[in-house]
Amino acid sequence: MIPITNHIEKIMSENQGEIFSINNFYNLGTKNTIKSVLYRLNEENQITRLIDGLYIKAKYSEILKKYSYPDASEVSEKLADKFPWTIAPTWDTALLWQLP
């Protein structure tokens with residue numbers, strides 16, 4: 001059996017640039033175990049913690065010669081997936097959606 005740490009590293013390495021939440025790994029172990037593994041991987045600079053509960057294995061851009069990270073809209077979409085939230089446009093954004 002593959003240790004949980006190796007399994008999480010493998011999943012994130014195969015999906016570089018994708019945002020993961022703790023919920024993505026609950027099938028591998030308990031909540032505390034998953035949180036400990038993700039904390040340890042972050043401390044070892046194997047992954048990056050974006051905000052509490054959201055992690056990413058940054059994708060390296062050969063063109064830019066640096067790592068790329070998700071923008072705010074991608075993070076908000078993942079937060080909406082993590083919690084039972086619906087993201088809806090408001091104010092000026094909502095008005096723009098109504099224009100012909």
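**Close-up views of the predicted model**

View 1. Glutamate 14 forms a salt bridge with lysine 10, with 3.1 Å between the closest N and O atoms. The two residues are four apart in helix H1, so about one helical turn separates them. Lysine 10 is partly exposed, at 47% relative accessibility.

**View 2. The salt bridge between arginine 49 and aspartate 52.** The closest N and O atoms of arginine 49 and aspartate 52 are 3.8 Å apart. Aspartate 52 is exposed, with a relative accessibility of 58%. Arginine 49 has 41% relative accessibility and therefore counts as partly exposed.

**View 3. Lysine 65 in the loop between strands E4 and E5.** This loop runs between E4 (59-61) and E5 (66-68). The side chain of lysine 65 meets that of glutamate 62 in a salt bridge, at 3.6 Å from N to O. Both residues are exposed, and the relative accessibility of lysine 65 is 55%. Lysine 65 is not a glycine, yet its phi is positive, about 60°.

**View 4. Asparagine 45, another residue with positive phi.** Asparagine 45 sits in the loop between helix H2 and strand E2 (48-51). Its phi is positive, near 60°, in a residue other than glycine. Asparagine 45 has a relative accessible area of 68%, so it counts as exposed.

**View 5. The largest nonpolar core.** Eleven residues make up this core: Ile8, Met12, Phe20, Ile22, Phe25, Ile34, Val37, Leu38, Leu41, Ile47 and Tyr55. Helix H1 (4-14) and helix H2 (31-43) are the elements that give two or more residues to the core. H2 supplies the largest share, four residues. In soluble globular proteins, nonpolar side chains tend to be buried together.

**View 6. Contacts of phenylalanine 25.** Phenylalanine 25 belongs to the largest nonpolar core. With neighbours within four places in sequence left aside, phenylalanine 25 contacts Ile8, Ile11, Met12, Phe20, Ile34 and Leu38.

**View 7. A nonpolar patch of tyrosines on the surface.** Tyr60, Tyr67 and Tyr69 form this patch, and together they have about 340 Å² of accessible area. Tyrosine 69 lies in the loop between strand E5 (66-68) and helix H3 (72-82). Its relative accessibility is 47%, so tyrosine 69 counts as partly exposed.

Terms used:
Residues numbered from 1 in each chain as written. Predicted model: local features only at pLDDT ≥ 70, side-chain atom pairs only at ≥ 80, totals over all residues. Heavy atoms only, no water. Core = buried A, V, L, I, M, F, W, Y, C linked by side-chain atoms within 4.5 Å. Buried < 20%, exposed > 50% of the residue type's maximum accessible area, 1.4 Å probe, protein only. Contact = heavy atoms within 4.5 Å. Patch = residues over 30% accessible without salt bridge, like charges linked within 9 Å, V, L, I, M, F, W, Y side chains within 5 Å. Areas by Shrake-Rupley, 256 points an atom, 1.4 Å probe, with all protein chains shown as cover. Salt bridge = Lys/Arg side-chain N within 4 Å of Asp/Glu carboxyl O.
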